[in-house]
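I opened the notebook to record what I looked up in this model. The entries follow the order in which I checked things.

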Amino acid sequence: MVLVTGATGFLGKRVCRKLEASGTEYVKTSLSLGVDLRSLSQTMDLFQEVQPEYVLHCASHVGGIQFGAKHPAEMYYDGLLMQANLLEACSRNHVKRLVNPISNCAYPADARLFREDGFWDGPLHSSVLVYGMVRKMSYVGSVAYRSQHGLDTVNLVLSNMYGPQDHFEEERSHALGALVMKFVHAKENRLPSVCVWGSGKPVREWLHVDDGAEAMVRAMGIAPFPGPINIGVARGISIWGLAVMVKEAVGYGGEIVLDPSKPDGAPYKTVDGSLGEKLFGWKPQTPLRQGVVETVEWYLANHES
């Protein structure tokens, strides 16, 4: 039996879709479905009822730079409580494996290409300090529970995810989702320009949510591995380049205007996925331009609802 936490969220929905397609038996849980992982008693009751062999942990309290700046205490409190309770419940209930996704913002701010052996090589970028450190501490927790209780955890470092069913709200969306919203709004309202935050120079690697979900599911079957595992292809695109790509996918004819008074975030976020490819015999498959077109098409079909 597989337990999927955060099953009604962006990543969780796509993980459940993959499990269902493969005929894998699974149980969904999330706050909206009635279980608060911030409560140890609720978490323990869930585990005792379900008795999962595997846990795919997709629950998180996360958003873009603007959201993180406004809600840092909530992100810290909720993230640490959920992770601590989940590790304890997995340990007490003898879960065979926990699959734990870690954002690539847990890597040092100065790194240009994120490699697993550089995970501890410097401080995090100030714009993602809280969320990045919470995710980093989730890895520390897995080390502690492996050392004392033998809990098997696979820690996957996922690049910035995007795709259909993403968060398309002003605060919650990441850069790609925000750009899709802005260009669609501008086209529908015949606006002459779209404002893009920052200098346009930061480089980001983007991971289609279905590739992230595939990695989560495949992680149940790999050999035990104690360290972080990057999922990525070491290719990024500047925010300016991404804005142009989204503009073309939407079919918007106006101008792009940069606002350098807004924060850029870390200058580079690309990951070396060679270890992950070796361990999984697989790497992310969705080309960015194709994924952007899919995302735009989904948003156009669903944003009014």
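**Entry 1: Ser 159.** I started at Ser 159, which sits in the loop between β5 and β6 (160-162). Strands here are DSSP runs of E with at least two residues, helices are runs of H or I with at least four, and both are numbered from the N terminus. Is Ser 159 buried or exposed? Ser 159 is buried, because its relative accessible area is 2%. The classes I used are buried under 20% relative accessible area, exposed over 50%, and partly exposed in between, with a 1.4 Å probe and protein chains only. I then listed the contacts of Ser 159, leaving aside neighbours within four places in sequence: Asn 104, Glu 205, Leu 207, Ile 231, Gly 232 and Val 271. Contact means heavy atoms within 4.5 Å.

**Entry 2: ground rules.** The model is predicted: local features need pLDDT of at least 70 and side-chain atom pairs count only at pLDDT 80 or more, while totals for chains, interfaces and linings use all residues. Residues are numbered from 1 along each chain as its sequence is written, and side-chain values use heavy atoms, with hydrogens and water left out.

**Entry 3: the six-stranded sheet.** I traced the strand order next. It reads β2-β1-β3-β4-β5-β10, an open sheet with parallel pairing. The edges are β2 (26-28) and β10 (228-231), each pairing on one side only. From one strand to the next the twist averages 25°. Two strands count as paired if DSSP finds at least two bridges between them. Strand β1 (residues 2-5) and β2 have three bridges, in the parallel sense. In that pair, Val 2 stands opposite Tyr 26 of β2.

Entry 4: Trp 120, Leu 129, Met 133, Met 137 and Val 140 make a nonpolar surface patch of about 450 Å². Patch members have over 30% relative accessible area and no salt bridge; nonpolar side chains (Val, Leu, Ile, Met, Phe, Trp, Tyr) are joined within 5 Å, like charges within 9 Å. The areas come from the Shrake-Rupley method with a 1.4 Å probe, and for residues only the protein chains shown count as cover. Val 140 belongs to helix α5. Its relative accessibility is 30%, so Val 140 counts as partly exposed.

**Entry 5: the three-stranded sheet.** The order is β11-β8-β13, again open, with mixed pairing. β11 (237-238) and β13 (268-269) each have a single partner strand, so one side of each has no neighbour in the sheet. Strand β8 (residues 203-204) joins β11 through two bridges, running antiparallel. Arg 204 stands opposite Ile 237 in β11.

**Entry 6: salt bridges.** How many salt bridges does a search of the whole structure find? The search finds 10. The criterion is a side-chain nitrogen of Lys or Arg within 4 Å of a carboxyl oxygen of Asp or Glu.

- Arg 92 bridges to Glu 88, with the closest N and O atoms 2.8 Å apart. The two are four residues apart in helix α4 (residues 72-92), so about one helical turn separates them. Arg 92 is partly exposed at 45%, and Glu 88 is partly exposed at 22%.
- Glu 214 meets Arg 218 at 2.7 Å, N to O. This pair is also four residues apart, in helix α7, which means about one helical turn.
- Arg 289 meets Glu 248 at 3.2 Å, N to O. This pair links distant parts of the chain, 41 residues apart: Arg 289 is in helix α10 (residues 288-302), Glu 248 in helix α8 (residues 239-250). Arg 289 is partly exposed at 48%, whereas Glu 248 is exposed at 52%.
- Arg 14, Arg 17 and Asp 210 are linked in a network.

**Entry 7: Gly 221.** Last, I looked at the loop between α7 (209-218) and β10, where Gly 221 lies. Gly 221 counts as exposed because its relative accessibility is 68%. From Gly 221 to Ala 234 is 13 residues in sequence and 24 Å in space, C-alpha to C-alpha.

Technical notes. Axes fitted to C-alpha atoms, helices over the stretch in contact; angles between N-to-C directions.
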